[in-house]
Amino acid sequence: MPNALYLDSNATTHVLPAAVDAATCAMREQFGNPSSSHSHGIVAKALLDQTRTTAARVIGAGDGHVVFTSGATEGIQTAVLSALRAIGPRNAAKGRQLLVYGSTEHKAVPQALEHWNDVLGLGLELRALPVDSEGQHDLQALATWLPDTALLCTMAANNETGVITNIAAIEELLVASGSTALWLVDGVQALGKMDLDLQHSRIDYAPFSGHKLYAPKGIGMLYVRRGAPFTPLMAGGGQEGGLRSGTENMPGIAALGAVLDALQRGDTFASHAALRGYRDQLEQSLRIAFPAIVFNVPLAHSLPTTLNFSVPGITSKAMLDVFDAAGLRVSAGSACSAAKAAPSYVLDAMGLPAWRTTSAVRLSIGAFANAQFVDAACVAIVRCGHVLLAMHGGEDGEPSSGTDLSDVPCSAADAAAMTLPWNELGAFLASHPKARLLDVREAAEHHASRGIRYGTLAAINVPLNAITTLPTGWLESKAAPVVVVCRSGKRSLKAAQWLHSQGYTLVRHLHGGLALRPISISAAIPHSPTEKIAHPAAA
């Protein structure tokens, strides 16, 4: 999308151009099956082997195995299945009945533990290892539990907060206690952001995901320490040395290879020191934008790419809506949990107060970031702060408690007739030259995006929670054409239904909202950074 500043790299990243080229080459030219014995197969096999060699060097695998997977979830499932199958007969009579996982782990870990524990009928106890207010594991509790622990699961760095786990301290406990517990470390957020040397660690399993570091979705890898128990999750053709059957995803592997090669060369991605500098610059812009800001973890112990913060009086939803309107793509936490309207379980586990968990925002840059990108992001952040604080924050884009549009009568046929796809907007406006554009986003979103226009037609902003108080004479008549827009199409549909129920016969709502806007939709005339912003209802 034009002018978008993507600051949600912990969720996913774009695909590196060199990775796109490598995947395309694998599909067009190196399309052989690596299991085939002819020349095309040999070429594909060479590509597969080279990528595995590069991967092993990047993560310091040594004589451990690197198994290509569909992503981190499959890697976690494979590691958990492998560990639990070995744990059952080995530890049942020895009292090692605990499956311990960090309370801030990605949900894929405890859910995999629960699933395979149930499927295998082991009856082992799952126990969440507490963390302190800075997100660090309770090592005293771990030391107490280790004699009874069969499998320990901790992540290298947290996806929501960026907190870096004290892996060295955990390893010291494991070694000092003589524990035989197997150890799974989720390495997804570590790749490209931390130095990795798995061969010299006590770690048994470490999954990684390609799409977190500029490779496509659907490709990942799993490190398995030599000698660690292993049970294939996928059985069949015997690919990956019998460790993961199924014809290899060669375009994905080629793309991942290109990314890993760039990471190994060090001439494509920003250094860790440069990333820390960019993060510090973003931190300062946030402090300027929001003087009362609170950062939810100490930056000294977090990834150089991640900021997690809360601002008193401004909800996560309000912050995300305004940032998105300004072209800043951020999140409130894990993308896997984004659809659930609930406080962050990660911040809850850290014992943070409710206002911080409900207003938390995660900003994460990728290793491909550069100074120009960060400078632009900082300018936009300060502008968003000006808008949000001027509007007093807090409005979440939904109808206020005094306005209920849920029971507005509208048949499916009427709703379909009111829906206007983006590719039909130009024709509709051309055939209705007196049409009006109505932006029903919150005023802060409207101002953060500097308004919208289509050609010479500028949108008027009336938030959805004020739609029932449209001024008399706003439209020439109830037959006058009006197109309603918002960010996603949800609020515009509600507004269109209400207008239709009031007798407006030529109302349309823009399907998909501004999130799908093409390049032809531009920002309106910019306002001055010091301009006083008045609520449209008072204008």
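Helices (H or I, at least four residues) and strands (E, at least two) are DSSP runs, numbered from the N terminus. The structure is a predicted model, in which local features need pLDDT of at least 70 and side-chain atom pairs count only at pLDDT 80 or more, while totals for chains, interfaces and linings use all residues. Residues are numbered from 1 along each chain as its sequence is written, and side-chain values use heavy atoms, with hydrogens and water left out.

**Overall build**

- The protein contains 16 helices and 20 strands.
- Of its 539 residues, 54% are buried; buried means under 20% relative accessible area, exposed over 50%, and partly exposed in between (1.4 Å probe, protein chains only).

**Helix H2**

- Helix H2 covers residues 39-59, which is 21 residues.
- From its first C-alpha to its last, H2 reaches 31 Å, close to the 30 Å expected at 1.5 Å a residue; the expected span is 1.5 Å times one less than the number of residues.
- The buried residues of H2 include Gly41, Ala44, Leu47, Leu48 and Thr51, and also Val58 and Ile59.
- Among the elements that cover these buried residues are helix H1 (17-28), strand S2 (65-69) and helix H7 (250-265).
- Strands S7 (205-209) and S8 (220-224) also belong to this cover.
- Just after H2, Gly60 has a positive phi of about 65°.

**Aromatic rings and charges**

- The structure holds 4 aromatic pairs; rings of Phe, Tyr and Trp (its six-membered ring) pair if their centres lie within 6.5 Å, and planes under 30 degrees apart count as stacked, over 60 as edge-to-face and the rest as tilted.
- The pair of Tyr214 and Phe269 is stacked, because the ring centres are 5.4 Å apart and the planes lie at 25°.
- Tyr214 lies in the loop between S7 and S8, and Phe269 in the loop between H7 and helix H8 (272-289), so the pair ties together parts that are 55 residues apart in sequence.
- Both partners are buried: Tyr214 has a relative accessible area of 3%, and Phe269 has 9% relative accessibility.
- Ring pairs link Tyr214, Phe269 and Phe368 into a cluster.
- The charged end of Lys107 sits over the ring of Tyr345, 4.1 Å from the ring centre; a charge sits over a ring if NZ of Lys or CZ of Arg is within 6 Å of the ring centre and within 35 degrees of the ring normal.
- The charged end of Arg127 sits over the ring of Trp145, 4.9 Å from the ring centre.

- Tyr214 is not a glycine, yet it has a positive phi of about 70°.
- Glu240, another residue other than glycine, has a positive phi near 55°.
- Glu240 is found in the loop between S8 and H7 and counts as buried at 9% relative accessibility.

**Cysteines**

- A disulfide is a covalent bond between the sulfur atoms of two cysteines.
- With a disulfide taken as a pair of cysteine sulfur atoms within 2.5 Å, the count comes to 0.
- Cys25 is partly exposed, with a relative accessible area of 24%, whereas Cys486 is buried at 0% relative accessibility.

Methods:
Contact = heavy atoms within 4.5 Å.
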